[in-house]
Amino acid sequence: MEKKTKNTGTPIDCPVRHMAFIMDGNGRWAKKRGMPREYGHKFGAEAFRRVLRRCSQLGMEAVTFYVFSTENWKRPQKEVDSILKLLDQYLDECEEELKKNDIRFIFIGDRSPFSPQIREKIDKIERISAHYTCIVNLALNYGGRSELVHAANQLLKQGKEEITEQDFANALYTSQSPEPDMIVRTGGDLRISNFLLWQAAYAELYFTDKLWPDFQADDVDEAVENFKNRKRRFGGV
Ligand code: IPE
Ligand code: IPE
Ligand code: MG
């Protein structure tokens with residue numbers, strides 16, 4: 001089946017419908033250069049822009065980025081502030097990019113601890129990009145466990161006494177996206193770190209030692225190539 005992207009009009013056939021990224025290694029990248037961790041986040045934000053553009057060009061239906069976890073508040077205040085500042089700046093300037101690349105932003109996670117200023121910007125971006133096609137989930141103050149508890153509470157509020165797997169999937173923050181086909185983690189650690197716990201059930205895992213600020217558009221292509229060689233059985237033979 002041939003699909004066409006709105007942004008390029010060229011036929012595309014990306015086997016990965018949904019790719020998810022654990023963008024790890026910003027701090028180590030900065031340290032290697034004798035710079036503070038904040039410097040790594042700045043270049044990490046550049047890598048995010050490149051990868052986002054590439055994924056949308058490839059015609060993925062959904063892309064998820066782990067931006068800030070529920071556990072990342074444990075970091076020094078200065079570092080947390082620098083990440084939130086980069087986010088704030090990005091929210092101010094991303095509108096044109098979303099339009100150009102047909103990208104719809106959905107912020108997943110608990111946004112209640114953020115400043116009213118950031119929350120308003122998030123709401124606005126979601127609203128103005130709602131009619132675009134490529135879903136990009138930005139995981140912000142996101143934790144897989146917190147998402148599961150949130151979903152369970154949503155179902156309780158709906159008065160459900162018994163639920164199905166489909167009910168549960170519908171109550172997750174990612175209900176609009178197909179399940180991730182591949183989860184990519186940069187930075188060399190072999191773990192999930194509380195990311196997409198439910199959704200990862202049958203995701204292919206891809207780990208690379210490359211630190212996130214070094215991750216290029218070509219590296220997305222390489223992960224897609226790698227995906228093509230995976231034999232997915234979903235429990236069958
Ligand atoms: C990922 O890079 C960015 C966030 C978690 C916000 P890190 O900041 O975790 O970088 P390392 O893992 O310490 O190198
Ligand atoms: C995972 O990276 C969270 C994000 C990429 C936002 P961490 O650096 O927080 O994960 P751990 O601490 O190595 O497990
Ligand atoms: Mg890390």
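Is Arg 17 buried, partly exposed or exposed, and at what relative accessibility? At 41% relative accessibility, Arg 17 counts as partly exposed; buried means under 20% relative accessible area, exposed over 50%, and partly exposed in between, with a 1.4 Å probe and protein chains only. This is a predicted model, in which local features need pLDDT of at least 70 and side-chain atom pairs count only at pLDDT 80 or more, while totals for chains, interfaces and linings use all residues. Residues are numbered from 1 along each chain as its sequence is written, chains are lettered from A and ligands numbered from 1 in the order in which they are written, and side-chain values use heavy atoms, with hydrogens and water left out.

**View 1. Arg 17 and Glu 61 form a salt bridge.**
The closest N and O atoms of this pair are 2.8 Å apart. A salt bridge here is a side-chain nitrogen of Lys or Arg within 4 Å of a carboxyl oxygen of Asp or Glu, and the structure holds 23 of them. Arg 17 sits in the loop between β2 (11–12) and β3 (18–22), and Glu 61 in the loop between α2 and β4 (62–69), so the bridge ties together parts that are 44 residues apart in sequence. Helices (H or I, at least four residues) and strands (E, at least two) are DSSP runs, numbered from the N terminus. Glu 61, at 31% relative accessibility, is partly exposed.

**View 2. Glu 95 and Lys 124 meet through their side chains in a salt bridge.**
Here the N to O distance is 3.7 Å. The bridge links distant parts of the chain: Glu 95 belongs to helix α4 (residues 95–101) and Lys 124 to helix α5 (residues 116–129), 29 residues apart. Glu 95 is partly exposed, with a relative accessible area of 42%, and Lys 124 is also partly exposed, at 39%.

**View 3. Within helix α4, Glu 97 and Lys 100 are 3 residues apart.**
That spacing separates the two by about one helical turn. An α-helix has 3.6 residues a turn, so residues three or four places apart point the same way. Glu 97 and Lys 100 form a salt bridge, with their closest N and O atoms 4.0 Å apart. Glu 97 counts as buried at 17% relative accessibility, whereas Lys 100 counts as exposed at 54%. Elsewhere, salt bridges that share partners join Asp 24, Arg 28, Arg 185, Asp 189 and Arg 191 into one network.

Leaving aside neighbours within four places in sequence, the contacts of Phe 65 (heavy atoms within 4.5 Å) include Phe 21, Phe 48, Leu 138 and Trp 212.

**View 4. Helix α2 runs through residues 37–58.**
At 1.5 Å a residue, its 22 residues should span 32 Å, and its end C-alpha atoms are 31 Å apart, which agrees. The expected span is 1.5 Å times one less than the number of residues. After α2 comes Gly 59, with a positive phi near 85°.

**View 5. Ile 83 lies in helix α3 (residues 77–93).**
Ile 83 is buried, with a relative accessible area of 14%. Apart from neighbours within four places in sequence, Ile 83 is in contact with His 41 and Phe 68. The C-alpha atoms of Ile 83 and Val 67 are separated by 8.9 Å, although the two residues are 16 apart along the chain.

**View 6. Glu 147 is a buried residue of helix α6 (residues 144–157).**
Its relative accessible area is 1%. Not counting residues up to four places away in sequence, Glu 147 touches Tyr 142, Leu 172, Tyr 173, Thr 174 and Gln 199. The C-alpha atoms of Glu 147 and Leu 172, 25 residues apart along the chain, are separated by 6.6 Å.

**View 7. Asn 141 has a positive phi, near 50°, in a residue other than glycine.**
Asn 141 is part of strand β6 (residues 134–142) and counts as buried, at 5% relative accessibility.
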